[in-house]
Amino acid sequence: MKARIKITLKNGVLDPQGKAIGHALHQLGFDRLGEVRQGKFIELDIAETDPAKARSAVEEMCERVLANTVIENYDIELDGA
Amino acid sequence: MKSAVIVFPGSNREHDMLYALEQVTGHTPIAVWHQETSLPDVDLIVLPGGFSFGDYLRTGAIAGLSPIMKAVTEKADMGVRVLGVCNGFQILTETGLLPGILLRNAHLKFVCKEVKLEVASNVTDFTKVYDKGQVIRCPVAHHDGNYFADDATLAELEDNNRIAFRYTPDTNPNGSIRNIAGILNERGNVLGMMPHPENLIEPAQGGTDGRGIFASLLEALS
């Protein structure tokens, strides 16, 4: 089963990289642009057919290493679940 | 005072640290590879600067999961002094030995320069030879040194003398919240700091302001 994990900065956490991307887009003329926030996308295969078990394993991965929950939120999407 | 320096793939300041420890303490420190699972009997464990695992995922995140870190955490829990400098500080926050996190520098640039640090607390084993409020020179070299923590954590740090060093407001090199440059754990035996005191310990390096951290430990542990 494939899991797609989206890791985003929590509200209120300064995102200088998002700001720099926004600045570059403005320079290209995208003047209707609001705030830009950047994050990470991780795709992984897991040898599991039960979606509940797969989700709980991926949640543990997020809590223990993939995300730092001091500053980041994560969102898990499972293929076919 | 016996000490050990942990070496990760991508560490690059371990030699500076080994040299500084030897110069100040008179004892040759032990270098320990990150895949070891136990530590020798030492008074101080140092996590040096560098770019462990290429800063992949988040700075210090992968190194925090290295086998040796379990032993480091156990020793820290027993009260052994632990010093994390630069990447070492990032590793300590990722393992949870210290609160908060080091974000990308606010201006997004790698910064390599000298800053001024105010000794915010001198009632610690790492800063006792300094005066409270004393301003010292210290070099920094990092891309992710922008300290961040939530308000409750910051209040806890402020109220319990757990901020060891602050950048002077005019030399904050990275946007760190409340100019924080170095913090302690609750028990006071773990210090993480972004600046590199090991690079300013003898006149040939341009000054000796960083020597006090090692001299403090030597005094506390002798």
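Colleague: Which pattern does chain A follow along the sequence?

Modeller: This is a predicted model, in which local features need pLDDT of at least 70, side-chain atom pairs count only at pLDDT 80 or more, and totals for chains, interfaces and linings use all residues. Residues are numbered from 1 along each chain as its sequence is written, while chains are lettered from A and ligands numbered from 1 in the order in which they are written. Helices (H or I, at least four residues) and strands (E, at least two) are DSSP runs, numbered from the N terminus. Chain A has 2 helices and 3 strands, and read along the sequence its pattern is β-α-β-α-β.

Colleague: What is the radius of gyration of chain A?

Modeller: The radius of gyration is taken over C-alpha atoms, and the globule rule is 2.2 Å times the number of residues to the power 0.38. For 81 residues that rule gives 12 Å; chain A is well over this, so it is more spread out than a compact globule, with a radius of gyration of 16 Å.

Colleague: How many residues of chain B are in contact with chain A?

Modeller: Two residues are in contact if their C-beta atoms, placed from the backbone, lie within 7 Å. On that basis, 9 residues of chain A meet residues of chain B, and those of chain B number 11.

Colleague: Which element gives the largest share of the side of chain A that touches chain B?

Modeller: That side divides into 7 nonpolar residues, 2 polar and no charged. Here Ala, Val, Leu, Ile, Met, Phe, Trp, Tyr, Cys and Pro count as nonpolar, Asp, Glu, Lys and Arg as charged, and the others, Gly among them, as polar. The largest share, 3 residues, comes from residues 16-27 of chain A, which form helix H1.

Colleague: Is Phe53(B) buried or exposed?

Modeller: Phe53(B) lies in the loop between strand E3 (44-47) and H2 of chain B, and has a positive phi of about 50° although it is not a glycine. A residue is buried if 20 or more other C-beta atoms, placed from the backbone, lie within 10 Å of its own, exposed if 12 or fewer, and partly exposed in between. Because Phe53(B) has 21 other C-beta atoms within 10 Å, it is buried.

Colleague: Leaving aside neighbours within four places in sequence, which residues is Thr73(B) in contact with?

Modeller: Thr73(B) belongs to helix H2 (residues 68-78) of chain B. The C-alpha atoms of Thr73(B) and Leu97(B), 24 residues apart along the chain, are separated by 7.3 Å. With those neighbours left aside, the contacts of Thr73(B) are Thr95(B) and Leu97(B).
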